[in-house]
Each structure stands twice: as structure tokens, then as C-alpha cells.
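Reader: Could you walk me through the helix packing and the charged contacts here? I'd like the cut-offs along the way.

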Amino acid sequence: MGLFFSVKYGNENSIFPGRAAGSQRRQGICGILMQEDMEMSDRLANIRQEILDGIKERANSRAEAFELRKQFLDSKTGKIGQLMKEMKSIAPEERAGFGKSVNELKEWAQQRFMELDEKMKERELQRRYESERIDVTMPARNVETGNLHPVTQIRNQLMDIFVGMGFEVAQTREIENDYYNFEALNIPKDHPARDMQDTFYLSPEFLLATQTSAAQIHTMEKKKPPIKIVAAPGKVFRSDDDATHSPMFHQMEGLVVDRKITLCDLKGMLELFVKKIFGEDTTTRLRPSYFPFTEPSVEVDVSCFSCGGKGCKLCKGTGWIELLGAGIVNKKVLENCGIDSEQYSGLAFGIGLDRTAMLKYGINNVKLLFESDLRVLRQIDDN
Ligand code: DAH
């Protein structure tokens with residue numbers, strides 16, 4: 001005789017199969033066994049109800065749903081897992097029915113938790129969509145575009161002008177050795193000209209370059225005339241620090257070596273260059289000067305582009321502004337590089353880029369170029 005009874009779980013109907021028909025124990029003490037069956041079916045029904053309540057009240061996220069699932073379905077600690085363990089203590093003839101009921105409950109619970117997880121996933125996605133919502137009507141954030149540093153702008157302008165005159169561009173170095181920076185440029189160890197160019201020494205031999213003139217030597221060692229180069233980027237270092245000098249500044253070196261190069265070539269070339277940088281009305285004048293690596297040496301002044309030569313604050317009333325050093329390459333320097341000074345002559349010049357930028361853009365303190373103050377840098381856009 002089979003004994004079945006129906007238990008109502010929430011809105012679901014499920015059959016709880018009791019013990020297998022023909023059980024010895026049931027035949028004699030049917031009443032008691034009915035009681036046991038009821039207790040078991042009640043426990044299962046309670047677990048179902050607990051799951052349904054938990055799902056309703058305690059699962060607001062995937063993490064919470066996962067925790068809830070563990071409480072029932074964890075094989076070791078979960079309530080359904082515990083029921084499985086009771087299997088051993090059940091009379092053998094009742095095991096099959098018991099096992100089937102627990103399995104049914106387990107499958108049902110797994111299904112519920114799977115649905116719950118899907119629901120939570122959906123809900124969390126929805127929450128994310130909400131929190132990441134983009135208001136496409138909001139005004140766009142202002143993206144400020146920068147511009148090139150004034151020194152870079154000047155360097156580019158000069159390179160354009162000289163490249164336009166047929167110059168090639170050579171590299172300068174930030175670290176030089178004593179030979180290239182001084183010795184080969186006719187500035188031996190005891191030469192007083194070294195005093196004005198004190199710098200950081202990395203070793204007795206290596207130093208932070210004090211002038212771009214070293215590029216003349218590097219070029220003449222590698223290349224034979226005709227030579228026509230400007231050297232950049234031109235970072236140089238000296239122990240100098242006031243309103244118009246900074247310990248690091250920039251130069252551009254120029255070198256032309258060919259047959260019959262004279263100061264006239266230099267003057268013509270520089271005249272063209274200053275007109276392009278400071279305006280068509282600007283002229284130049286050469287003043288005698290001294291540099292160990294040029295002979296003769298000159299200081300090149302430009303007519304004051306602010307007052308037109310009448311005299312003003314910028315030119316200190318003289319009508320002229322000192323711009324650069326230049327000269328005819330000293331024969332010794334040519335010979336140092338293996339160039340026949342009887343056949344060839346050269347001209348060289350060194351332009352201070354920071355100084356040119358200050359003059360052109362009316363900057364009264366060199367430090368303004370290195371403070372990265374956007375209010376200053378933004379005003380200078382000559383590209
Ligand atoms: N190197 C010099 C300085 O830093 C500038 C200079 C003067 C460069 C005369 C030259 C030159 O090429 O011919 O003061």
C-alpha cells in the first residue's frame with residue numbers, strides 16, 4: 001500500500017512521497033509514521049517558505065543573493081545540504097523517498113536562486129545605467145590648447161629662415177668634453193675666457209656645455225667644406241643668474257666654411273635674418289669684439305625695432321640693441337679640425353634664443369620664460 005499526501009508550498013503544489021510501500025514499520029505503527037512523515041514534509045515546506053521569504057525580503061543585490069543561496073545550498077553548511085547529511089540516519093527503506101523529496105527541494109531551490117541571480121544582475125545593470133547616465137545636452141568642458149614655448153617658437157622661426165638660405169641643421173649636446181667645449185675652440189686650460197663660462201663639471205673631462213660653439217668642431221670633424229649649418233636645440237649652462245641671465249639658456253650656432261668667405265657674407269646673411277625676425281626696417285651694425293675662436297670677432301647690433309633708432313628704454317637711448325656674437329673662424333680652429341686654412345675660410349655666429357625671444361616679445365625678465373606661468377606663455381603665439 002503506497003502512502004502519498006500532498007503538501008502545499010506557497011503557490012506551488014508538490015507531492016511529498018512518503019516511505020516506500022510495504023515498509024515493515026509502517027504496517028504496524030501507521031499512526032506514528034504518518035506523524036514522522038508530516039514532520040519531514042513540514043520541515044521541507046518550511047525551508048521552501050524560508051527561501052521564498054528570503055528572496056522577497058533579504059536579497060537586494062547579487063552579493064546578498066549569493067549569501068542567501070549559500071545558507072540553503074552550500075553543500076556543507078546549507079540547510080538543504082544538512083538534510084542530505086541526515087540521509088545516513090534514515091531507515092534504509094525510507095531513504096529513497098526522503099532522498100527524492102530533498103532532491104526535489106534542492107532542484108527547486110537551485111531554480112529559484114538562478115532566477116534570483118538573473119533578476120539581481122538585471123537590477124544591478126539598471127542601477128549602473130542610471131548612475132552612468134550621460135547628459136548629452138550638458139555644455140562641453142573647455143579643452144584648452146597650449147602653444148609652443150616662446151623659445152621654441154623663436155628657434156623654429158630661425159631654423160626656417162636659415163634652412164631657407166640653404167643651411168643644414170646639426171645637433172648640439174648638453175654634455176660636452178673639455179676639448180670640444182674649450183680646447184679645440186682655441187680656449188686652452190689657462191685662458192681667461194673660461195672665467196665667463198664657468199659651469200658644472202661632471203668630471204675633470206666632462207662638463208655641461210657652456211656654448212653651442214662646440215657644434216662647430218663636431219661638424220668640421222665629420223664634414224669637409226662646403227659647410228653650412230645651424231645647430232640646435234642649443235641648451236647651454238653657465239654660472240649666471242640675474243634678470244637677463246639664467247643658469248640654463250639657449251643658443252643657436254651657425255657655421256659656414258667655404259672658399260672666400262668674408263665678413264660681407266656674414267653681414268648680408270644676418271641683415272636678412274633680422275629683417276625677418278624684427279621687421280623690414282631693421283638694420284644691423286658690426287662692432288669689434290673678441291672671441292678666441294674667431295678672428296676678427298664682431299658683436300652684431302640691430303637697430304632698435306621699438307623706437308626705430310631714435311632712442312628709447314629698450315635700447316637704453318642708444319638706438320641699437322646688442323644681438324649676437326660672430327666672426328671669421330680662427331685659422332687655428334680650422335686647422336684643429338683638419339681643414340686647410342689657406343684654401344678655406346669660415347664665418348660663425350651664436351645667437352641667444354632666450355634673449356631674442358625677450359627682445360621680440362617684450363619680456364623683461366628671463367625667469368618668466370621658465371616659470372611655466374600660463375598667463376605669460378599664452379600671450380605669445382607666433383606660429
Ligand atoms: N659662443 C659664444 C658665447 O657663447 C657666442 C659666439 C660668438 C658664437 C662668436 C660664435 C661666434 O660662433 O663666432 O658667448
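Predicted model: local features only at pLDDT ≥ 70, side-chain atom pairs only at ≥ 80, totals over all residues.

Author: Residues are numbered from 1 along each chain as its sequence is written, and side-chain values use heavy atoms, with hydrogens and water left out.

Reader: Are α3 and α4 roughly parallel or roughly antiparallel to each other?

Author: Helices are DSSP runs of H or I with at least four residues, numbered from the N terminus, while strands are E runs of at least two. Helix α3 (residues 62-73) packs against helix α4 (residues 79-86) at about 10 degrees, with axes 3 Å apart; axes are lines fitted to C-alpha atoms, for helices over the stretch in contact, and angles run from 0 to 180 degrees between N-to-C directions. Angles under 35 degrees count as roughly parallel, over 145 as roughly antiparallel, 65 to 115 as roughly perpendicular and the rest as oblique. So the pair is roughly parallel.

Reader: Which residues in α4 do Q71, F72 and L73 meet?

Author: Contact means heavy atoms within 4.5 Å. On that basis, the α3 residues Q71, F72 and L73 meet α4 at K79, I80 and G81.

Reader: Which residue forms a salt bridge with K79?

Author: A salt bridge needs a side-chain nitrogen of Lys or Arg within 4 Å of a carboxyl oxygen of Asp or Glu. For K79, the closest N and O atoms are 2.5 Å apart, and the partner is E50. The pair links distant parts of the chain, helix α4 for K79 and helix α2 (residues 30-57) for E50, 29 residues apart. K79 is partly exposed at 36% relative accessible area, and the partner asked for is E50.

Reader: Is D241 buried or exposed?

Author: D241 has a salt bridge to K367, with N and O 2.9 Å apart at the closest. Buried means under 20% relative accessible area, exposed over 50%, partly exposed in between (1.4 Å probe, protein chains only). K367 counts as partly exposed at 25%. With a relative accessible area of 54%, D241 is exposed.

Reader: How many salt bridges does the structure hold?

Author: One of them joins K121 and E118 (3.6 Å, N to O), both in helix α5 (residues 92-131) and about one turn of the helix apart. There is also a salt-bridge network linking D178, E183, K189 and R194. The total for the structure is 22.
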